[in-house]
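Here are some brief notes for a first look at this structure. Please read them with the view open beside you.

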Amino acid sequence: MTGARAKRALWTRLRGRSLRTRLLVFISAALVAVCAVMALTTVFAQRAYLLDDLDHRVGDAAARSQGGVQVGPDVETDLAFLNEQGQPIGTIAARLDRNGHILAAKVVTHSGGLRDLAAAQRSALTGIDADGSLHTRTVPGLGTYRATALEGGGRPVLTALPMDDVQDMISGLVVVEGVVAAAGLTLAGCVCAAVIRRQLRPLGRVAATAVEVSRSPLGHGEVIGLTRVPERDTDPGSEAGQVGAALNRMIDHVESSLAERRRGEEEMRRSEERTRRFLADASHELRTPLASIAGYAELMNRGIEKVEPTFAWRRVSAESARMTGLVEDLLLLARLDEGRPLQSAEVDLAALVTEAVWDARAAGEGHTWQLALLLDSPALVVGDEARLRQVVANLLANARVHTPVGTTVVTSVEATDAYCRIRVRDDGPGIPPTLLPRVFERFTRADASRSRVSAEHGGSGLGLAIVAAITAAHGGRIHAESAPGRTEFTVDLPTAEALTPTAPAGVDVMPVARVAGDVTPAARA
């Protein structure tokens, strides 16, 4: 239980360390375990080999001792065979009786002589049967011995050889292996630390990049130019490179998402501003004719003689018509915003524009009106004829209302296989540069104030907004360019051929000649 608790505590401490430290600890532990296994295997193998060799020598010494006993005098305590040459120093020989008790025991000293064993030393050798088996005994004052006993011809003899050489060699081997292992582990640890530090350096740079990005003020302001992981740390062939590349992709997504959110917030803010201005302008535009109607009605109720009833009713009717037109324009814009489908039929833009220019000439005799039909093919489009007529009429009315008398207004129609283009150009004073980007927004007027003499002197500011909405509903686009002395509106609409590759059966297409010049009855005819 204590060991498990200690292991959990160790793992807890390691989890709180850096990856470099944990890798170094794990690799060092693995190297230590490998070195320990190798060292123990070597020691045990060497010890087994040395013990086997010692056992053979003990057996040979026992055989020689038995032979010496057979040729020697028949005395149970005779150990004269130890005087033979070649007996190793520290060899012990003992004569045993039939019960295994030691009768006599001597040891070969360093000087080559013999010395009797003491009683304590003899007792350490007791209990060894004369069956040739090997035993390890520790003899006081002499050390550890490997002993065996043989019985030949009724004369059992015990022979033992010291194990000091084996133990000294094993101890030396352990010391050498320990020193070599310590030096090797130290060198391996240093090399591993250097390699780990070098290999984890890209991961450290990736982490530093992540920390720097996390400190960026992402919650407010424009988020651009966030720090990226260097290109060298985004190699997909390595794990750190994969992390770096993934972090860069995430930062790109964060930047794009924040930029999109900021654009959405700006667009929402602008939309709210446009909505507030729209409501304010619409309220004022409706309030002005209502106030006029209420005023004239009040004057007629009072019976004031200075106001003729006929004039009052005429003004009431004019303001009612103005208010009705404004409401209809707002309803049209609302329907177009909802995406309600328009009527669809083939429309000849050349004829439509020609009629609209004649109508504009009748309404604005003080202007010079010109028409140019630059047609290489029929100007046929598919759409709502009434709404397309309103587009041209609003553009011409805009040129008439916002330019002085004597201004020349040129309207042209061009046709290709892909689109039909309507241009309305005048040489008036132009649109102020600050107003041009918002010219197609609702209630946009050159006169920013809401006080105008009449509807004929400025309009409600919805005409060009309606033009843009109808053009978009027909799949077209509108563009405005303006400078002092030249203002041009361009409307592009897809042709009927572009929408329907083959013309419907039974439709006769009449060619329209190229015409350029002033609009006159002869030209129209």
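1. Which residue in the turn of the E1 and E2 hairpin has a positive phi? Glycine 100 does, at about 90°. Five residues lie between the two strands of this hairpin. Keep in mind that the model is predicted.

2. Now the pairing in that hairpin. Strand E1 covers residues 92-96. E1 and E2 run antiparallel and are joined by five bridges. Alanine 94 faces alanine 105 of E2 across the pair.

3. E2 has another partner. Strand E3, residues 114-116, pairs with E2 over three bridges, again in the antiparallel sense. Lysine 106 has aspartate 116 in E3 as its bridge partner.

4. E2 and E3 also make a hairpin, with five residues between them. Glycine 112 sits in the turn. Its phi is positive, about 95°.

5. Why is strand E2 largely enclosed by the rest of the structure? The strand spans residues 102-108, and five of its seven residues are buried. Buried here means under 20% relative accessible area, so E2 is largely enclosed.

6. Step back to the whole protein chain. The chain has 525 residues, and 34% of them count as buried. Its secondary structure comes to 12 helices and 14 strands.

7. Last, the surface. The accessible surface of the protein chain is about 30,500 Å². Carbon and sulfur atoms account for 57% of that area.

Definitions and conventions. Residues are numbered from 1 along each chain as its sequence is written. This is a predicted model: local features need pLDDT of at least 70, side-chain atom pairs count only at pLDDT 80 or more; totals for chains, interfaces and linings use all residues. Side-chain values use heavy atoms; hydrogens and water are left out. Helices (H or I, at least four residues) and strands (E, at least two) are DSSP runs, numbered from the N terminus. Buried means under 20% relative accessible area, exposed over 50%, partly exposed in between (1.4 Å probe, protein chains only). Accessible areas come from the Shrake-Rupley method with a 1.4 Å probe; for residues, only the protein chains shown count as cover. Two strands pair if DSSP finds at least two bridges between them.
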